[in-house]
Amino acid sequence: MMRPILLLAVLALPLSAMASSFAGSSAGSASGASSAGSSSSGDDKIVIDARDDAAAFVASDGAIRGARLEAALLHLREQSVAQQQASDMVLARTLLAR
Amino acid sequence: MRPSGQVRRWRWAVLVAWLAAPWAHAALTLELQPQGLDPAQIVAAERTLQQVRGRLPPQWQARFQHPVQVRWSDTLPAHVHGRARNGAITLQRALLDTVKDDQPLPRPLEAALIHELTHVLDRSPQGGWSRDARLRDLAGWQRRPWKLGRTANAFSGRSPDDYERARPAEFLAVNAEHLLLDPDYACRRPAVAAWFAEHLGPIDHTVACDSRLPLMQAEEDAGAASLLELDPARIYAVDYLLAEGNEQLMSRWGHSMLRLVICAPGRPRGPACRMDLSHHRVLSYRAFVGDVQISSWRGLTGSYPSRLFVLPLNQVINEYTQLELRGLSSVPLALDGQDIAGLLERVAQVHWSYDGRYLFVSNNCAVETGKLLQEGVPRLASPGLNRITPRGLLTRLERQGVADASVLADRAQATRQGYYFASAADHYQQLFVVVPSGSCRWARQR
């Protein structure tokens, strides 16, 4: 099963903290969590933004449902008929596999 | 019945005519004082008075109760173009020598006369517009918390004439110059132009303005920025975004921000826009720190500039919930389309011209966000939103009936609908509860 691996992935997020009403010259730091590199425009962006939420959803057996996952599910179901039939859990896993 | 009705109507007409009479008579008369002028200068001066009088809208002219004398002098200091004293105007005589017969009047000359005429009007018994609270809000003399008066004007960026920040009366006069001489003034400062129209009378030149507002937004890659051309018509709602506090000194009391619920291109304004999370933007006041380390002393004494940042919502969620382990609450504000347009216009002005100082206590994020809200949405200005903690500001908004925190009542639903973004620490906690059972099952299956 994927769960322990996912748990590790979620726990591996950087834990450092900085005073947040203060910005460096770069207007805040970028998150280390979302995967960078690939194109982050349009459709992909919604999916990439939802990864952390999807990981938490799968790892918690559906208990944690974040809004970004919700937005991505809506988006995926708008896109194709096949995905309208799939369950939330299946879609969340698909989302992580992308 | 009929004759008596007619008489009554006549009586009304007479009454209205009698009431309107002083207004009809009171019109602007400019009296030229020709002492010390040569014939060519007299011609130029008369042309100036006539032309500038024509620039003033009829309602402005009707406000002058007395004729205004215009003198020309060589004794004014070199950097002063004109002065208004006791309802009379003195202008620099050298300005007349710049007038050419076959060319339009030089702008400094027209501007100087409009400027001084505005002073005369403002100081007349019917005047006093420069004392108007809304004008001071718009101009940038901002209210301090605890009703401690107003701050100095920190809206120094991109001012057409820095003299406007000297005093509210000068702000009025300088802006009157630009209002009457620049056809696109209403596009550059729509809120001030609307204030003039409301208080002094409408201006008839209409220019089609671009409704989009340019804002520099931080990109998700560190250091990158891009220009966001934001159309207020695409904003469905504005939320008060509150980051919970943590143990750090600078963030103990939380952080207040505003979230713009922007609809995806092509989607009509409606509740569905709440799920267009990747298009939402966050307005956040932050101290602009160039150093590696933050100094508390410098924070207390105001050495850091306070700037209004525009950030993608996704970045803000990651930054707070994952890096800092702080939850975010997003509380909808009851603002209509017009409120939102006014607020956004203020946002653009603050974003480009404001150069304030960040102060831990008296000018922190909550104070700044409160000022932004009450300056952008005038109906929130009384009794005001001057609160020094982010939670205090939220409570104030709730009491005024502007914020509705009931969306947060059910935490799971709020998380799902994007009103609450839980700290990753909460998730870890939840996962620790789930995992033992999960790993047992995993072991059994193997």
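Q: How many residues of domain 1 of chain B are in contact with domain 2 of chain B?
A: 16 residues of domain 1 of chain B are in contact with 18 residues of domain 2 of chain B. Contact means that the C-beta atoms, placed from the backbone, lie within 7 Å. This is a predicted model: local features need pLDDT of at least 70, side-chain atom pairs count only at pLDDT 80 or more, and totals for chains, interfaces and linings use all residues. Residues are numbered from 1 along each chain as its sequence is written, while chains are lettered from A and ligands numbered from 1 in the order in which they are written.

Q: Which helix gives the most to that side of domain 1 of chain B?
A: H5(B), with three residues. Helices (H or I, at least four residues) and strands (E, at least two) are DSSP runs, numbered from the N terminus. H5 covers 133-139 of chain B, and helix H8 (190-199) also supplies at least two residues.

Q: Where do the domain bounds fall?
A: Domain 1 of chain B is 25-199 and domain 2 is 213-425. The bounds come from an automatic or database domain assignment. Their C-alpha centres lie 38 Å apart.

Q: Switching to H4(B). Is it mostly covered or exposed?
A: Mostly covered: 13 of its 17 residues are buried. A residue is buried if 20 or more other C-beta atoms lie within 10 Å of its own, exposed if 12 or fewer, and partly exposed in between; C-beta atoms are placed from the backbone.

Q: And the largest nonpolar core, which residues touch the most other members?
A: A:Ala72, B:Val238 and B:Tyr240, out of 80 residues. Such a core is a set of buried Ala, Val, Leu, Ile, Met, Phe, Trp, Tyr and Cys residues joined through C-beta atoms within 7 Å. Strand E7 (residues 235-243) of chain B brings the largest share, eight residues.

Q: What does B:Val238 touch?
A: Leaving out residues up to four places away in sequence, its contacts include B:Leu258, B:Leu260, B:Leu333 and B:Ile340. A second, separate core has 40 residues, among them B:Leu117 and B:Trp141.

Q: Last one. Why does B:Leu393 count as buried?
A: Because B:Leu393 has 24 C-beta neighbours inside 10 Å. B:Leu393 sits in helix H13 (residues 390-399) of chain B. Beyond four places away in sequence, B:Leu393 touches residues including B:Ser256, B:Ala366 and B:Leu385.

Terms used. Two residues are in contact if their C-beta atoms, placed from the backbone, lie within 7 Å.
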